[in-house]
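Subject: Structure for your files

Hello,

Here is the structure we discussed, with the sequence alongside.

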Amino acid sequence: MSNTIYALADDVQAELAHLRQQVDGLMTQSISPTVSALAHRAEDAAHAASHAVTAKADELSATVKAQPLAAIAVAGAAGFLLAGLFNFMSRR
């Protein structure tokens, strides 16, 4: 009787090992390429966003150089508005 139990336990362990190998194979075949493709797309999106921000910063810099007084006026107005907003929020 105990030999039968040991044989059954060995069969169960062998089946579990086989199932683990199948799961590992499925992970490698289907999930890994999907994750890799998603990571590549995310990297491409990050590069595109970085280039867009750099281009806008260069454009803003050129505008400030072309119209420095207007840039100072806009910065002052923005500061005035932010100060008013913070003052209003602190009163609540």
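My notes follow, starting with the chain as a whole and ending with single residues.

This is a predicted model, in which local features need pLDDT of at least 70 and side-chain atom pairs count only at pLDDT 80 or more, while totals for chains, interfaces and linings use all residues. Residues are numbered from 1 along each chain as its sequence is written, and side-chain values use heavy atoms, with hydrogens and water left out.

Overall form. The chain has two helices and zero strands (DSSP runs numbered from the N terminus, with H or I of at least four residues for helices and E of at least two for strands). Its C-alpha trace spans about 95 × 40 × 10 Å along the principal axes.

Surface. Of the 92 residues, 0% count as buried (buried is under 20% relative accessible area, exposed over 50%, partly exposed in between, with a 1.4 Å probe and protein chains only). The accessible surface comes to about 8,200 Å², and carbon and sulfur atoms account for 68% of that (Shrake-Rupley method, 1.4 Å probe; for residues, only the protein chains shown count as cover).

Helix H1. Alanine 45 is placed in helix H1 and counts as partly exposed because its relative accessibility is 46%. Its C-alpha atom is separated by 35 Å from that of glutamine 21, 24 residues away along the chain.

A search of the whole structure finds one salt bridge (a side-chain nitrogen of Lys or Arg within 4 Å of a carboxyl oxygen of Asp or Glu). Glutamate 59 forms it with lysine 56, and their closest N and O atoms are 3.7 Å apart. The two are three residues apart in helix H1 (residues 2-66), so about one helical turn separates them. Lysine 56 is exposed, with a relative accessible area of 55%, whereas glutamate 59 counts as partly exposed at 46%.

Helix H2. Leucine 85 lies in helix H2, residues 68-91, and is partly exposed at 44% relative accessibility.

Regards
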